[in-house]
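Open the model in a viewer and keep the sequence beside it. The stops below can be selected one after another.

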Amino acid sequence: MSDGILTPTQAQLVERLEDELRVKRGSLPVVGKKERYGFTMVNGVTVLIKRTSRQPRGGFIVPSLYSYTEIGSISNLDAAAHANELFDRQDPVRVGRYGHRGPIIGLDWKCGKDCCRDEPYKRRVERSLGFVPSQLDGELAKTGE
Ligand SMILES: [Zn+2]
């Protein structure tokens, strides 16, 4: 995980997730980075790596899921490790303001389905993260959105 894309903290988080999944270090791909979130894939579902985490099992976001509470009180790490099972259980009809109908979220924050296709950039970020980051990285200016 020494590709220079992720911060040292993010690289540690990826290793923690790899340990949780019981896969070899370096198994999870680094798809890229946007708005300071690292993008990786766990069993066909996009998982975001936060820059910091104060929780021992925190530091991850599954952008396609609209809620973690549906499946009980689980940690970010649990959600990340079981992202595909949780996504498969999610009712696509109930995807509203948050979450996506597709499991793979691109660096453009789109999943390829109709939930986010026509939304402006900032809204897609919010849909994926569950909130709007205080500082977006300049994409708004670049795209004019
Ligand atoms: Zn979408």
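This is a predicted model: local features need pLDDT of at least 70, side-chain atom pairs count only at pLDDT 80 or more; totals for chains, interfaces and linings use all residues.

Two strands count as paired if DSSP finds at least two bridges between them.

Start with the whole chain. The protein has five helices and four strands, and along the sequence they come in the pattern α-β-β-β-β-α-α-α-α. Of its 145 residues, 33% count as buried.

Now select residues 45-49, strand β3. How many of its residues are buried? Five of its five residues are, so to speak, mostly covered ground. Show the side chains: V45, V47 and I49 point one way from β3, while T46 and L48 point the other way.

Strands β2 and β3 pair in the antiparallel sense over five bridges. In this pairing, F39 stands opposite L48 of β3. Two residues lie between the strands of this hairpin, where N43 takes a positive phi near 50°.

What joins β3 to β4? Two bridges do, and the two strands run antiparallel. Look here for I49, which stands opposite F60 in β4.

Finally, move to residues 121-129, helix α4. R124, V125, R127 and S128 are buried in this helix. They lie on the same side of α4 because they cover an arc of only 160° around the axis. An α-helix has 3.6 residues a turn, so residues three or four places apart point the same way. Step just past the end of α4 to G130, which takes a positive phi of about 90°.

Notes: Residues are numbered from 1 along each chain as its sequence is written. A residue is buried if 20 or more other C-beta atoms lie within 10 Å of its own, exposed if 12 or fewer, and partly exposed in between; C-beta atoms are placed from the backbone. The arc is that of the directions from the helix axis to the C-beta atoms.
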